[in-house]
Amino acid sequence: SHSLVILVRVCLLQFTYSEFPALSEPCRLGAQSDTELPPGTPIIQLRLAGDKRKHYEGRVEVYYNGEWGTVCDDDFSIHAANILCRELGFVEAVSWSPSSKYGKGEGRIWLDNVHCSGRERTLAQCKSNGFGVSDCKHSEDVGVVCNQRRIPGFKFISSFTNSVESLNVQIEEVRIRAIYSQRKRVPITEGYLEVKDGGKWRQICDEEWTEMNNRVICGMYGFPGEKGYNTKVYKLLAKRRKKNYWDFGVNCTGNEASLHGCKLGHKVELKGNATCEKGMPVVVSCVPGRAFAPSYTQGFSKAYRVEQPLVRLRGGANTGDGRVEVLKNGEWGTVCDDSWNLKAASVVCRELGFGSAKEALAGGRLGQGMGPVHMNEVECSGFEKSLTECYFNRDALGCSHEEDAAVRCNVPAMGFQNKLRLSGGRNPFEGRVEVLAEKNDSLVWGTVCSDSWGTMEATVVCRQLGLGFASNAFQETWYWPGDVRADDVVMSGVRCSGTEMTLAQCLHHGKHLHCPRGGGRFAAGVSCSESAPDLVLNAQVVEHTTYLEDRPMYILQCANEEHCLSSSAATATPSSYRRLMRFSSQIHNNGQSDFRPRAAHNSWVWHDCHRHYHSMEVFTHYDLLSLNGTKVAEGHKASFCLEDTQCEEGKEYECANFGQQGITVGCWDTYRHDIDCQWIDVTDVVPGDYIFQVVINPNYEVAESDYTNNIMKCRCRYDGHLIWTYNCHIATLCLDDSFAHSWHYYPKQLHEVVSWNAFKLTAFIC
């Protein structure tokens, strides 16, 4: 039987030559003989194997003379890596790795001392010691990382079978073709599975088709699982329609990230109408995750989404991307990237209602977390319902947050990007926001009212378009001339929580538009960025530095001018005292880009009393709350000096001589307890138990990758003389469950709201 891995076949490309060969025309589709290679060129087959985190990287393995083997790293170069990656259907190589980075291979070491000029069509044409002639060990097996962009026509490709004399077979594309009654559904979850071969769409015979094959197809299309379907309907349709079968079967284990990782099944004998006479064309039926289901009652409600989630993603720009965090003993922590691979990443993705994993990211690529590292050396079979069911080492010694694991998951094609666009910008990452809306029974492009338009709304726009994080939100866009036919406002009153997948899921006015300033030059705009900062407060520093100080009013005049004291200070005499709850705050930037004030240096506000500039008028809020959440005292801190107090590497921002302000990635800014306004005025507070809360960037003035970790709270006891803070921790901002339920699943009713005042966004701290 044909049991070879479905790989990219050795396609005979026509190259134009420069420093590296460039593809001049796509490969001819379908079968192709090997006679175009110079006579005597060995016929080989390639694959990427081993301990890898992406489908486009791995240990190089060569199939020759009926046996798989490896390639030695001696004299290997980027030229050889380029040839190899192009043979596998990728546009080029990014890098190559010596010394068995992806694990030691087995069997023969087929090639050693490989020398390529970069002009060869196949690795077999490069000079070497000859097949099987090597003095290397498997500790010297070479690996490569290819550019994930594929050569046109190489999206999903199978290779020739174990019989090297047989013809090569190429698959250009794969699709799920819905029957007529389901074609308007979004997402498409059910239909005939078809492959494009030789420019024609072909069905696959289901005689050898398995549930594991379904699992792989559903996973690559963004669905966590598969389900049964009405076979009678499809059998009836199959009898009526002319069928065009593909001449191979497929055999998947269920763990493959996509179809090209599966093995090639038996060759199907094509006999016209008698082909696949004991079966019918393959039909795939998938179940979407709850976030993508057409209604609340559909999708995974129990199997893949427990009531109290144990795993979550944080810090990702797009839906299905993020740093993996696990809940243990009531505390969220991260996962160390040791042994982190696609199997473990796919378990996470499916658990959260997505498909299989596209990438298993390591090295804190999507930002560094806080708190403990809960899991290390995770090993999954790929079929666990939760990451917590996988084997792992509880000892995370030697793991830091620089090694936090992350994932990028396959998500369903929802068509969100077709309903929104940015117009007039200098580049694709900025512009006036234009929405496709229904008007007079037709779809037209129009603008969004900019009243109260802010960072949260911009965040949703950038996510919907797949452009990363919000960088800025604009309430005037006269400098971005968009399409004048789209000047009219078609959406107003937009209020987002920042977690929505589309702008349409945010609260808005619906048909009853209200936009006094109108569209055109006052339409909403955004700029997006591929990275963003992420500020997190060190809760332990706050807990360990809190104390009370009685300070005379006459030396607090500057603080009073900046509204850092309670309202009763306005009538206090200069000789009276104010009781201040002082503490230090250490704020880390754990994101992927520097935290910079939104305002330009020339627009910072000068405060003459303190003799310094404020780059952000409100950088933090300090609140003392009763146990039922009522505010009893408050304070705030302007960012008069955002700088790198301490860094893991070099400092970039210093406030001396009115320098630039900001917090570099990996650095922290410390506001000491003994500076003005680093307090809460508790003069009027009666003794008792309270909650002490600190909120960073409370007005979302600067975009971040994760706002949920901007809040810290402590339990606090005040006896009239001393104050104690304990159990300080990073809290989470949550939507009220009942509100979130109605918001996401009954949008039509909510979108008819005429004014925002009719629906206040209720939030609380977890």
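## Strand pairing and buried side chains

Strand β4 pairs with strand β5 (residues 67-71) in the antiparallel sense, over 4 bridges. The model is a predicted one. Within this pairing, Val62 has Gly69 of β5 as its bridge partner. The two strands β4 and β5 make up a hairpin with 2 residues between them. Asn65, in the turn of that hairpin, has a positive phi of about 55 degrees.

β4 also pairs with strand β3 and with strand β8. Strand β3 (residues 45-49) runs antiparallel to β4, with 5 bridges, and Leu48 stands opposite Val60 of β4. Strand β8 (residues 143-146) is likewise paired with β4 in the antiparallel sense, through 3 bridges; here Gly58 is placed opposite Val144 of β8. The pairings of β4 are set out in the table.

| Partner of β4 | Residues | Sense | Bridges |
|---|---|---|---|
| β3 | residues 45-49 | antiparallel | 5 bridges |
| β5 | residues 67-71 | antiparallel | 4 bridges |
| β8 | residues 143-146 | antiparallel | 3 bridges |

β4 is mostly covered, with 7 of its 8 residues buried. Glu57 lies in this strand, which spans residues 57-64. Glu57 counts as buried because its relative accessibility is 7%, and the cut-off for buried is under 20%. The side chain of Glu57 is in polar contact with the side chain of Tyr102, at 2.9 Å.

The Ser423 side chain makes a polar contact of 3.4 Å with the side chain of Glu434. Leaving out residues up to four places away in sequence, Ser423 touches Gly431, Arg432, Glu434, Trp480, Gly482 and Asp483.

The largest nonpolar core has 32 residues. Those touching the most other members are Met581, Phe595, Phe619, Leu624, Ile680, Phe692 and Met712. Among the elements that give two or more residues to this core are α6 (539-545), β35 (620-625), β40 (688-696) and β41 (711-718).

Which residues does Leu624 contact, leaving aside its neighbours within four places in sequence? The contacts of Leu624 include Met581, Ile680 and Phe692, which are also listed with Leu624 as touching the most other core members. Further contacts of Leu624 are Thr630, Lys631, Val632, Ala633, Val682, Val685, Tyr690, Ile691 and Cys716.

Definitions and conventions
Residues are numbered from 1 along each chain as its sequence is written. This is a predicted model: local features need pLDDT of at least 70, side-chain atom pairs count only at pLDDT 80 or more; totals for chains, interfaces and linings use all residues. Side-chain values use heavy atoms; hydrogens and water are left out. Buried means under 20% relative accessible area, exposed over 50%, partly exposed in between (1.4 Å probe, protein chains only). A polar contact is a pair of N or O atoms within 3.5 Å; within protein, one must be able to donate a hydrogen and the other to accept it, and residues adjacent in sequence count only if both atoms are side-chain atoms. A nonpolar core is a set of buried Ala, Val, Leu, Ile, Met, Phe, Trp, Tyr and Cys residues joined through side-chain atoms within 4.5 Å. Contact means heavy atoms within 4.5 Å. Two strands pair if DSSP finds at least two bridges between them.
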